[in-house]
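Subject: Handover of a structure, with notes

Dear colleague,

I am passing on the structure below, followed by notes on what was found in it. Please read them with the conventions that are stated along the way.

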Amino acid sequence: MSNEDITLTAGDAEVTVRPGDGGRIGGLRVGGLELLRQGERFGCFPMVPWCGRIRDGRFRDGAAVHQMPLNSPPHAIHGTARDGAWTTARTTRSEAVLTYDLVDPWPYAGRVTQVVALSGEALTLTMSVETYDSSFPAQIGWHPWFNRTLGGEGVRLDFSAAWQEERGADHLPTGRRTDPAPGPWDDCFGMPGGVDVTLTWPGRLELRVTSPEEWVVVYDEQDAAVCVEPQTGPPNGLNTLPRLVTPLEPLEATTTWAWRRP
């Protein structure tokens with residue numbers, strides 16, 4: 001099938017999926033309100049086969065050391081799949097299934113599948129990485145850019161984390177965990193019971209972002225948007241906390257964004 005844009009609808013919710021632009025969610029409109037910042041770099045893109053930064057773009061797999069392009073010097077950031085064209089496997093009125101085959105510069109063969117499922121009250125994103133060849137470390141995550149305002153007051157972020165990853169001057173976790181500190185943030189938090197963050201646009205909408213995963217990066221240093229990024233491990237996790245994809249065991253993750261009107 002082609003990689004043309006897809007529109008999903010359910011109730012008064014509408015989602016634009018852009019397979020040809022990194023498999024990203026280009027827009028999420030609820031009751032006519034656009035929740036995601038618009039533009040080819042924004043929306044919500046999948047982070048795979050890693051999330052956040054890799055220190056100096058290098059990761060080790062056993063005795064092998066692999067070098068990724070430094071697309072955020074001196075580091076590599078947010079995976080390779082957001083830069084490629086995904087393929088639409090199938091669609092219905094409210095669901096789209098996309099695939100992406102991992103290619104150079106990623107050194108391992110594998111396939112990523114993303115399912116975008118819309119209901120009248122929520123959007124659920126599910127992603128998996130599988131291999132039929134060599135095992136390899138990987139991560140899965142999503143990077144949404146939520147509009148800071150929806151025509152009224154700025155968004156409020158509410159969450160309770162067990163810890164915050166101490167961030168070094170190089171923007172990478174130092175390995176030390178600290179008590180969560182007030183924002184502004186460009187930081188990774190740990191939630192062992194699962195990611196649970198509520199965004200409230202006063203008088204407009206409440207959006208709850210959840211995931212069974214225990215890691216979330218929160219970024220709110222931009223005037224136009226804030227990011228709440230559920231993921232399967234911390235930044236630089238390919239080196240510090242790798243999750244292994246094997247021919248018998250894919251890596252899978254999911255996140256749900258449920259909304260409620262005031």
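Trp50, Phe59, Trp106, Tyr108 and Phe136 form one aromatic cluster, and a search of the whole structure gives 14 aromatic pairs. Rings of Phe, Tyr and Trp (its six-membered ring) pair here if their centres lie within 6.5 Å, and planes under 30 degrees apart count as stacked, over 60 as edge-to-face and the rest as tilted.

Please keep in mind that this is a predicted model, in which local features need pLDDT of at least 70 and side-chain atom pairs count only at pLDDT 80 or more, while totals for chains, interfaces and linings use all residues. Residues are numbered from 1 along each chain as its sequence is written, and side-chain values use heavy atoms, with hydrogens and water left out.

Two arginines have their charged ends over phenylalanine rings: that of Arg37 sits over the ring of Phe42, 3.9 Å from its centre, and that of Arg82 sits over the ring of Phe45, 5.1 Å from its centre. The criterion is that NZ of Lys or CZ of Arg is within 6 Å of the ring centre and within 35 degrees of the ring normal.

The elements that give two or more residues to its lining are strands E18 (163-167), E20 (186-190), E23 (215-219) and E24 (225-231), and the lining residues divide into 9 nonpolar, 5 polar and 11 charged. A pocket is an open set of points on a 1 Å grid over the protein atoms alone, where a 1.4 Å probe fits, with protein on both sides within 12 Å along at least five of seven lines, and lining residues have an atom within 4 Å of a point. Grid points are joined across faces, edges and corners, and a volume is the space filled by probe spheres set on the points. Strands (E, at least two residues) are DSSP runs, numbered from the N terminus. For the residue classes, Ala, Val, Leu, Ile, Met, Phe, Trp, Tyr, Cys and Pro count as nonpolar, Asp, Glu, Lys and Arg as charged, and the others, Gly among them, as polar.

The second largest pocket holds about 150 Å³ of space, and among the residues that line it are Arg55, Glu165, Arg177, Trp215 and Asn236. Strand E19 (residues 173-178) gives the largest share of this lining, 4 residues, and the lining divides into 5 nonpolar, 4 polar and 3 charged residues.

Among the strands, E11 (residues 95-101) is mostly covered, with 5 of its 7 residues buried, where buried means under 20% relative accessible area, exposed over 50% and partly exposed in between (1.4 Å probe, protein chains only). E11 pairs in the antiparallel sense with E10 (residues 87-91) over 4 bridges, the two forming a hairpin with 3 residues between them, and Thr88 stands opposite Leu98 in E11. E11 is also joined to E12 (residues 111-118) by 7 bridges, again antiparallel, with Asp101 opposite Arg111 in E12. Two strands pair if DSSP finds at least two bridges between them.

Strand E1 (residues 6-10) has a covered face, made of Ile6, Leu8 and Ala10, and an uncovered one, made of Thr7 and Thr9. E1 pairs with E2 (residues 13-18) in the antiparallel sense over 5 bridges, and the two form a hairpin with 2 residues between them, where Gly11 in the turn has a positive phi of about 60°.

Most residues other than glycine have a negative phi, and most peptide bonds are trans. The peptide bond from Val48 to Pro49 is cis, with omega near 5°, and so is the bond from Pro73 to Pro74, also with omega near 5°. His78, in the loop between E9 and E10, has a positive phi of about 70° although it is not a glycine, and this residue counts as buried because its relative accessibility is 10%. His171, in the loop between E18 and E19, has a positive phi near 70° and is partly exposed, with a relative accessible area of 30%.

Best regards
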